[in-house]
Amino acid sequence: MHTTTFFGVYIDPQGAFHWISLVPFGWPQGTLLWARDDEKNIWYDGLFSENLQTEKWYHVVIVVDKGKAKVYVNGKQMITKVQINGQPTEEGLVPDIFSLKPGGTFAVGVNYWDPALRGRFDELRIYDRALTEEEILALYNLR
């Protein structure tokens, strides 16, 4: 039910988890970008405007810029509702996993707690900067 497609995590020196995960389906609200900051005791839910479906290919881009998360599916921004600890919010900052020191790590199709995803990935790219909407659309149109 909570199987992830992309999972980023940073465990700080005190042992607190800071993570972000894209859960494609199976969650009661549907597809979501899900994150946790143990240190601040914050859950983040970025709910999608449309759910992803099984047996279908998608072009997915996750951008986190200074903690502000956006997800694009097939060139279209998908997160339309953001909640912190179950309460609607406009800010919706997620843990910035990959800028924390000594550094975060990521996994594709698996996290620490749930079964591995049964699916396929093609042409995975990881960037060291936030892509613009124009760059995301150009990448989508290259497919």
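# Reading a predicted model

User: Why is A107 called partly exposed?
Analyst: This is a predicted model, and in it A107 has a relative accessibility of 22%. Buried means under 20% and exposed means over 50%, with partly exposed in between. The value of 22% falls in between, so A107 counts as partly exposed.

User: Where does A107 sit?
Analyst: A107 is part of strand β10, which covers residues 105-108.

User: Which residues does A107 touch, leaving out those up to four places away in sequence?
Analyst: A107 touches T5, F6 and F7. Contact here means heavy atoms within 4.5 Å.

User: How far apart are A107 and F7, in sequence and in space?
Analyst: They are 100 residues apart in sequence. In space, their C-alpha atoms are 5.2 Å apart.

User: Why is T5 called buried?
Analyst: The relative accessible area of T5 is 14%. The cut-off for buried is under 20%.

User: Where is T5, and what is it in contact with beyond its neighbours within four places in sequence?
Analyst: T5 lies in the segment before β1, the strand at 6-11. Its contacts are L22, P24, A107, V108, G109, L117 and F121.

User: What makes A116 and T3 a pair to look at?
Analyst: They are 113 residues apart along the chain, and 6.4 Å separates their C-alpha atoms. T3 is also one of the contacts of A116, together with G109 and V110, once neighbours within four places are left aside. A116 itself belongs to the loop between β10 and α1.

User: Why is E123 called exposed?
Analyst: E123 has a relative accessible area of 62%. Exposed means over 50%. The value of 62% passes that mark, so E123 is exposed.

User: What is the phi of N74, and where is N74 found?
Analyst: Phi of N74 is near 50 degrees, a positive value in a residue other than glycine. N74 is in the loop between β6 (68-73) and β7 (76-77).

User: Why is N74 called partly exposed?
Analyst: Its relative accessible area is 28%. That value lies between the 20% and 50% cut-offs, so N74 is partly exposed.

User: How many of the residues are buried?
Analyst: Buried residues make up 38% of the 143.

User: What share of the contacts between residues at least 6 apart joins residues at least 24 apart?
Analyst: The share is 52%.

User: Which elements have the lowest and the highest mean pLDDT?
Analyst: Strand β8 (residues 79-84) has the lowest, at 82. Helix α1 (residues 133-142) has the highest, at 94. The protein averages 86, and 94% of the residues score at least 70.

Definitions and conventions:
Residues are numbered from 1 along each chain as its sequence is written. This is a predicted model: local features need pLDDT of at least 70, side-chain atom pairs count only at pLDDT 80 or more; totals for chains, interfaces and linings use all residues. Side-chain values use heavy atoms; hydrogens and water are left out. Buried means under 20% relative accessible area, exposed over 50%, partly exposed in between (1.4 Å probe, protein chains only). pLDDT is the predictor's confidence in each residue, from 0 to 100. Helices (H or I, at least four residues) and strands (E, at least two) are DSSP runs, numbered from the N terminus.
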